[in-house]
2 protein chains.
Amino acid sequence: MEKEIQIYREFLKSKNLKLTKPRLTILKAIFRNHEHFNVDNLYEQIRKKQSNVSRATIYRTIPLLLESGLIKLSLRCDSKDIYEHSYGHENHLHFICTNCGSIKEASFIKVEKLINQLAVDANFKITEYHLSARGLCENCRKSTDQ
Amino acid sequence: MEKEIQIYREFLKSKNLKLTKPRLTILKAIFRNHEHFNVDNLYEQIRKKQSNVSRATIYRTIPLLLESGLIKLSLRCDSKDIYEHSYGHENHLHFICTNCGSIKEASFIKVEKLINQLAVDANFKITEYHLSARGLCENCRKSTDQ
DNA sequence: AGGTTTTTGAGAATGATTCGCAAGTGCATA
DNA sequence: TATGCACTTGCGAATCATTCTCAAAAACCT
Ligand SMILES: [Mn+2]
Ligand SMILES: [Mn+2]
Ligand SMILES: [Zn+2]
Ligand SMILES: [Zn+2]
């Protein structure tokens, strides 16, 4: 957590922005665990555990965290953007169950190489990968025998 | 185009739905060319070329086209869902330029194999792939020399 | 044509996200 | 430590994509 705070502090300083209490509260809430999160999650979690922060401030802070590289947009589910840590996390891809909504992560290494080659061929400079597939998870396959 | 209409007609019949004039207008507008499209595009295109169809009807028709397998959700850009043909189109991945918004498609074959294997390992049954990467396209790399 | 069901269009409603602004904070400086 | 000023915040209003409601229109069946 200290490392993330340090990165955040330096990022903010480089933009002439201040590491205020709400901004720190949000950062800590995000890095308290390793789960994917969305604005509502985060808002509820903060409201439960610590000083309140308005939704507006959360919405204003997320772009800063994105730009700093600490988090990234992971995927979109139920009309909501879902984020995850990017600092300290390998790239990975997501298997999203359309029946129960569960998200399973899978290895990225081999896929990344291939896609990088495709990008080279296309003369495209990748900054962010978004790889996912929708379908049925193990449990839901059993229960719906498909 | 005839083939798509046929598929659409049979799909609708199987659901006890009618192939009405607005539904046909929408289908034809979509398959008139091979571009990615969103609701606004489509609405404007229909408004220009043929009889009017309300936005509400477009929004109601898209889920039918998705379910019939004729189109698929391609990606999300500028807070809008973007669709594309899936009937008659190979799976492919998208390189999206964060600078100019252009979308370049790339081959999917090798990537697909790898991801299928990962899905087998995870006991996950894939029904739809969503593979994209954001970054800088060829042109934008030149002009911003990055 | 008449009766029944489905579909449509228009606008209201919704839900996520963004904005505007007055009040509050953080920080530098005296 | 008090003062000044720029940056932030919280609140509610605004926006924007999408969905819903409902009365009128179209399609289908006889
Ligand atoms: Mn993840
Ligand atoms: Mn495409
Ligand atoms: Zn599931
Ligand atoms: Zn570009």
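Start at the zinc ion (ligand 3): its donor residues are spaced C-x2-C-x36-C-x2-C in sequence. This is a predicted model, in which local features need pLDDT of at least 70, side-chain atom pairs count only at pLDDT 80 or more, and totals for chains, interfaces and linings use all residues. Residues are numbered from 1 along each chain as its sequence is written, chains are lettered from A and ligands numbered from 1 in the order written, and side-chain values use heavy atoms, without hydrogens and water.

Select the four donors. A:Cys97, A:Cys100, A:Cys137 and A:Cys140 each coordinate the zinc ion (ligand 3) through SG, at 2.2 to 2.4 Å. Donors are N, O and S atoms within 2.8 Å of the metal (3.2 Å for Na, K and Ca); water is not among the atoms, so sites may look incomplete. Angles among the four donor atoms run from 105 to 112°, and the site is tetrahedral (four donors, all angles between 85 and 135 degrees).

Next, pick A:Cys100 and A:Cys137. A:Cys100 sits in the loop between strands E3 (93–97) and E4 (103–106), and A:Cys137 in the loop between strand E5 (125–136) and helix H6 (138–143); they are 37 residues apart. Helices (H or I, at least four residues) and strands (E, at least two) are DSSP runs, numbered from the N terminus.

Which of the two is buried? A:Cys137 is, at 10% relative accessible area. A:Cys100 is partly exposed, at 45%. Buried means under 20%, exposed over 50%, partly exposed in between (1.4 Å probe, protein chains only).

Terms used
Four donors count as tetrahedral if all angles lie between 85 and 135 degrees; four count as square planar and six as octahedral if opposite donors are over 155 degrees apart and all others between 65 and 115; anything else is irregular.
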